[in-house]
Amino acid sequence: EYVEYKAEEYGITVEQVAPENTSRRCSECGFTHPDNREDEDFECLKCGYENHADYNAAKNIGLRYLRRNQTGGDGGAPLGVRLNSGTLNVNGGYSPADDESARTGVHAESHRFSGG
């Protein structure tokens, strides 16, 4: 509710995404296992990817949002979600932000494709 309230001030739409297993699923290879996460640390037992568990979960939530909306009929599907440190695309590709455009705080922005 707090995120929705704050987002409304800036004209940002908030959508809920089911969080089940997002902190246990590897955002790189998709392998899901309870032992991938220990406290705040994430390390994939299959591919060895390591990151903060909450950041890995945020990437998975972004991917779920993008994939859920790929067939959207409202003028286009989202192409990417901006994380604090870069942009995640629907294929799981990640582009780091340059130092000047990186912002602090928790946020996500989707960029829509509207044809062609």
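Trainee: Which helix does Asn56 lie in?
Mentor: Asn56 lies in helix 2, residues 53-68; helices here are DSSP runs (H or I, at least four residues) and strands are E runs of at least two, numbered from the N terminus. This is a predicted model, where local features need pLDDT of at least 70, side-chain atom pairs count only at pLDDT 80 or more, and totals for chains, interfaces and linings use all residues. Residues are numbered from 1 along each chain as its sequence is written, and side-chain values use heavy atoms, leaving out hydrogens and water.
Trainee: Is Asn56 buried or exposed?
Mentor: Asn56 is buried, at 0% relative accessibility. Buried means under 20% relative accessible area, exposed over 50%, partly exposed in between (1.4 Å probe, protein chains only).
Trainee: And what does the side chain of Asn56 reach?
Mentor: The backbone oxygen of Arg25, at 2.7 Å.
Trainee: What about phi of Asp39?
Mentor: Positive too, about 55 degrees. Asp39 is in the loop between strand 1 and strand 2 (41-43) and is exposed, with a relative accessible area of 63%.
Trainee: Where does Glu50 lie?
Mentor: In strand 3, residues 50-52. Glu50 is exposed as well, at 53%.

Technical notes:
Polar contact = N/O pair within 3.5 Å; in protein donor to acceptor, adjacent residues only side chain to side chain.
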